Amino acid sequence: MKTTRNQNHAQKQNPESEWFGREKVSADEKTDRVLGVFDSVANKYDLMNDLMSGGIHRLWKNALIKEVKPHPAQKFVDVAGGTGDIAFRIREAAGLDAQITVADINENMLNVGRNRSIDKGWLDNFEWITTNAESLPFSDNSFDVYTISFGLRNVTHIDTALKEAFRVLKPGGRFFCLEFSHVTDPILARFYDFYSYKIIPKIGEFITKDRESYQYLVDSIRKFPKQDELRKRLIDSGFAQAKYKNMTFGTVAIHEGIKDFA
């Protein structure tokens with residue numbers, strides 16, 4: 001009975017852990033099925049983001065880097081960043097000496113990122129680690145900056161991942177999450193829902209022959225915590241000065257938290 005109570009408590013704390021899109025699943029099954037989605041889209045990552053955002057994801061990612069203000073003396077970890085989109089932007093902003101670790105649960109996504117770094121001639125100061133955001137293989141107080149871009153909503157236990165982010169950051173370290181969020185204007189929200197549910201899966205089916213993965217990605221946005229709820233969960237995970245910034249009327253948001261000095 002004790003195990004059952006603990007499981008029920010975990011589900012209440014992490015309601016998204018029992019949903020794969022609109023389908024109710026176990027936490028283990030969700031993790032496996034999300035892996036399958038990104039196995040499917042790894043080689044079409046840019047196309048996927050273009051379909052999901054109308055191409056605006058590049059501007060959102062650039063805005064994230066402006067918030068981060070990378071410095072060459074800092075150590076960075078980009079989680080769920082296998083294809084290198086954020087890591088490469090950090091390198092461009094911080095310079096060639098920046099130490100950047102890219103962590104992703106999906107080996108196929110990491111392979112895409114490694115190949116891109118080779119194409120760019122960037123062979124040094126990148127570390128590519130296959131790992132789950134919920135159990136990072138890094139020591140406490142290891143990094144100055146933790147970023148996660150369009151990845152947190154795919155984590156099975158969000159609060160566990162947030163606590164791991166807090167653990168691996170140094171005192172004074174900063175957490176940044178760029179993620180699809182919830183449109184604030186009710187009229188625009190109706191148009192956004194129509195585009196998300198009616199258009200994106202059909203485009204995904206037509207161009208990539210993979211409607212199911214795109215349907216999941218749309219549904220996962222609706223299951224993701226609203227902006228203020230995620231801010232509170234950052235605070236509950238130990239972060240101080242937790243805040244968020246909406247972009248494109250709340251289509252996406254950048255959340256930030258700071259690990260205070262003890």
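In the predicted model, helices H8 and H9 (residues 211–223) pack with an angle of about 155° between them and with their axes 7 Å apart. Angles over 145 degrees count as roughly antiparallel, and H8 and H9 are therefore assigned to that class, running roughly antiparallel to each other. The crossing of the two helices, H8 and H9, is right-handed. On the H8 side, the contact is formed by Tyr 192, Asp 193, Ser 196, Tyr 197, Ile 200, Pro 201, Lys 202, Gly 204, Glu 205 and Thr 208. On the H9 side, the contributing residues are Arg 211, Tyr 214, Gln 215, Val 218, Asp 219, Ile 221 and Arg 222. Classified by residue type, the contact between H8 and H9 comprises seven nonpolar, six charged and four polar residues.

Helix H8 also takes part in the lining of the largest pocket. The volume of this pocket is about 240 Å³. Its lining consists of 13 residues, of which Ile 56, Val 183, Tyr 192, Thr 248 and Thr 251 are the closest to the centre of the pocket. The largest share, four residues, is supplied by H8. In terms of class, the lining of the largest pocket holds nine nonpolar and four polar residues, and no charged residues. Charged residues are, by contrast, present in the contact of H8 with H9, where six are counted.

Tyr 192 links the two descriptions: this residue of H8 belongs to the contact with H9, and Tyr 192 is also listed among the lining residues closest to the centre of the largest pocket.

Conventions:
Residues numbered from 1 in each chain as written. Predicted model: local features only at pLDDT ≥ 70, side-chain atom pairs only at ≥ 80, totals over all residues. Heavy atoms only, no water. 1 Å grid on protein atoms, 1.4 Å probe; cavity = no way out; pocket = protein on both sides within 12 Å on 5 of 7 lines; lining within 4 Å. Points joined across faces, edges and corners; volume = space filled by probe spheres on them. Nonpolar A, V, L, I, M, F, W, Y, C, P; charged D, E, K, R; others polar. Axes fitted to C-alpha atoms, helices over the stretch in contact; angles between N-to-C directions. Parallel < 35°, antiparallel > 145°, perpendicular 65-115°, else oblique. Left-handed = near helix turned anticlockwise from the far one by under 90°. Contact = heavy atoms within 4.5 Å.
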